[in-house]
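Colleague: Could you take me closely through one part of this model, the sheet, and say how its pieces are arranged around it?

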Amino acid sequence: MLRRCGRRLLLALAGALLACLLVLTADPPPAPEPAERGRRALRSLGGPAGAAAAAPRGFAREVHSLSEYFGRLTRARRDAGPPPRPADGPPRPPAEALAPRDVFIAVKTTKKFHRARLDLLLETWVSRHKEMTFIFTDGEDEVLARHTGNVVNTNCSAAHSRQALSCKMAVEYDRFIASGRKWFCHVDDDNYVNVRALLRLLASYPHTQDVYLGKPSLDRPIQATERVSENKMRPVHFWFATGGAGFCISRGLALKMSPWASGGHFMSTAERIRLPDDCTIGYIVEALLGVPLIRSGLFHSHLENLQQVPASELHEQVTLSYGMFENKRNAVHIKGPFSVEADPSRFRSIHCHLYPDTPWCPHTAIF
């Protein structure tokens, strides 16, 4: 009896050992195909076993397609509030080589400011960078056309209304997309653009990635009301870069904006939130696409105290401006060859500081 039990025990142990060896030496099952992995991932978003508790609100029910998933992801990001914004830091290493012909600078103006504002830009920074500068206006001007060939009559209203501003921005966007260039930068007719600093900044980001660069004029996200349907509205909040300081958008991001910005769609998108053009850009980029604004202190508008910009750091700044601030004249404080009366914007003095080889700059100038 004991012998029979011992034999059976030995046979059972031998069988278990053989089974273990077969399991260890067998090939693993093939990995699922990418498409099947994608379907499993989508199913897992709405699956049981605590998935609903871990997923963001709105993801608990089953997801059937990638487009539905990304739609819900965008809404979840928007509901969760704005993501953290990178702060200014040390200069980034170049990500790619960048030439002036890779950048599309759109200058927004109106015909009544052609002489008062545009002539100053044509005399200073535009004179050295005509191939990358495109002027968007609302009226024909033969004198302006003789100075530069890149003048676009948008046929938009000359009024300073949100509809007129959005009309011009729509034309700017379409012209940039058609140009095939890597970067779109928008400035106003009271901005000085330091193109050397601009190229350094843009070269530190790949133009194929989602990049939205600029400076907000508010210290918090703007609160707006989004029209969802004829009878339905909902609150929305997002950051935007003020057009008064200028902003830049990579081509990779601009292409993703197309459903809301191309072919006249920009104006209808602006009507959904009933805000001006620069706010609408922020709405498309941040609220609809979920891409955060990258703040840069190198952009400047007349809405800030420009006298706080150190003259010793002018070569690093991307844009500058002039105007009024708290009922006082607002311009960069810089010593130069021109008096404040002769150069109230200080753009001529800034230009001679950055480009002392300019023919009309006094060679004995001290800064």
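Modeller: Residues 24 or more positions apart account for 66% of the contacts in the chain with a separation of 6 or more, where contact means heavy atoms within 4.5 Å. The model is predicted, and for that reason local features need pLDDT of at least 70 and side-chain atom pairs count only at pLDDT 80 or more, whereas totals for chains, interfaces and linings use all residues. Residues are numbered from 1 along each chain as its sequence is written, and side-chain values use heavy atoms, with hydrogens and water left out.

The chain has 13 helices and 13 strands, these being DSSP runs numbered from the N terminus (helices H or I, at least four residues; strands E, at least two). Seven strands form an open sheet in the order β3-β2-β1-β4-β9-β6-β10, with mixed pairing, two strands being paired if DSSP finds at least two bridges between them. At its edges are β3 (151-153) and β10 (294-295), each of which pairs on one side only.

Within this order, β1 (103-108) pairs with β4 in the parallel sense over six bridges, and it is also joined by four bridges to β2 (residues 133-137), again running parallel. From β1 the chain crosses through helix α5 (residues 114-123) to β2 in a right-handed β-α-β crossover, that is, one whose path from the first strand over the helix to the second runs clockwise when the strands point away from the viewer.

Six of the six residues of β1 are buried, meaning under 20% relative accessible area, with exposed over 50% and partly exposed in between (1.4 Å probe, protein chains only). Both faces are covered, with Val 103, Ile 105 and Val 107 buried on one side and Phe 104, Ala 106 and Lys 108 buried on the other. For the whole chain of 367 residues, 45% count as buried.

Further along the sheet, β6 (residues 212-214) and β9 (residues 247-250) run antiparallel and are joined by three bridges, one of which pairs Tyr 212 with Ile 249 in β9. Helix α12 (residues 277-288) packs on the sheet, touching β1, β4, β6 and β9, and its direction makes about 145° with that of β6; axes here are lines fitted to C-alpha atoms, for helices over the stretch in contact, and angles run from 0 to 180 degrees between N-to-C directions. Helix α8 (residues 195-203) lies across β1, β4 (183-188), β6 and β9, running at about 130° to β1.
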